[in-house]
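Here is a short report on pockets and charged pairs. Have the sequence and the 3D view at hand as you read.

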Amino acid sequence: MTSSSTPSLSFHRERLLHERTQLLQRIAEQRGGLVSRADMAADHFDNSFQSRAQIRTERQTEFAINEHETAELGDIEAAMERVDAGTYGQCTDCGVTIPPARLSAYPTAKRCIDCQTLAEQRR
């Protein structure tokens, strides 16, 4: 995106800030305040009435959710860095402009559809 699209960058920055705030609020609510998911998972070991399989499943679920939230927060921060650098809306792999509809649907997108498809196929 060029400097002539500064209002657009401002809009995207505000949207990303809003998404980050919502994510942080959701994390705080789900954790019951300042308790980390790791601490919550450790608490499950104190429930002697639960089976080991159930405890393990709950612990793995909580760690997976934490990993997802951490990745989502990282994606938001990376997108905000691209806004600050003036490269938001450009594919990080090939440099083409990411369509506004994609950014509207997925504001943290760092790749165009073609490059994202290739990246997913390489996994």
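## The second largest pocket

H3 gives the most to the lining of the second largest pocket, supplying 5 residues. The model is a predicted one. Lining this pocket are Glu19, His68, Ala71, Glu72, Asp75, Ile76, Tyr106 and Thr108. The space inside comes to about 150 Å³.

By class, the lining splits into 3 nonpolar, 2 polar and 3 charged residues.

## The largest pocket

The largest pocket holds about 250 Å³ of space. Its lining is made of Asp75, Ala78, Arg82, Arg102, Tyr106, Thr108, Ala109, Lys110, Arg111, Gln116, Glu120 and Arg123.

H3 provides the largest share here, with 3 residues. Two helices, H3 and H5 (113–122), each supply at least two lining residues. Sorted by class, the lining has 7 charged, 3 nonpolar and 2 polar residues.

How many salt bridges does the structure hold? The count is 5.

Asp84 belongs to helix H3 (residues 52–85) and Arg13 to helix H1 (residues 6–31), so the pair ties together parts 71 residues apart in sequence. Is Asp84 buried or exposed? Its relative accessibility is 54%, so Asp84 counts as exposed. Arg13, at 22%, counts as partly exposed.

## Two further pairs

Arg20 and Glu77 also meet through their side chains in a salt bridge, at 2.8 Å from N to O. This pair links distant parts of the chain: Arg20 is in helix H1 and Glu77 in helix H3, 57 residues apart. Arg20 has 23% relative accessibility and counts as partly exposed. Glu77 is partly exposed too, at 29%.

Arg26 pairs with Glu72 in a salt bridge, with 3.4 Å between the closest N and O atoms. Arg26 lies in helix H1 and Glu72 in helix H3, so this bridge ties together parts 46 residues apart in sequence. Arg26 is partly exposed, with a relative accessible area of 34%. Glu72, at 25% relative accessibility, counts as partly exposed.

Conventions:
Residues are numbered from 1 along each chain as its sequence is written. This is a predicted model: local features need pLDDT of at least 70, side-chain atom pairs count only at pLDDT 80 or more; totals for chains, interfaces and linings use all residues. Side-chain values use heavy atoms; hydrogens and water are left out. A salt bridge is a side-chain nitrogen of Lys or Arg within 4 Å of a carboxyl oxygen of Asp or Glu. Helices (H or I, at least four residues) and strands (E, at least two) are DSSP runs, numbered from the N terminus. Buried means under 20% relative accessible area, exposed over 50%, partly exposed in between (1.4 Å probe, protein chains only). On a 1 Å grid over the protein atoms alone, a cavity is a set of points where a 1.4 Å probe fits but cannot get out, and a pocket is an open set with protein on both sides within 12 Å along at least five of seven lines; lining residues have an atom within 4 Å of a point. Grid points are joined across faces, edges and corners, and a volume is the space filled by probe spheres set on the points. Ala, Val, Leu, Ile, Met, Phe, Trp, Tyr, Cys and Pro count as nonpolar, Asp, Glu, Lys and Arg as charged, and the others, Gly among them, as polar.
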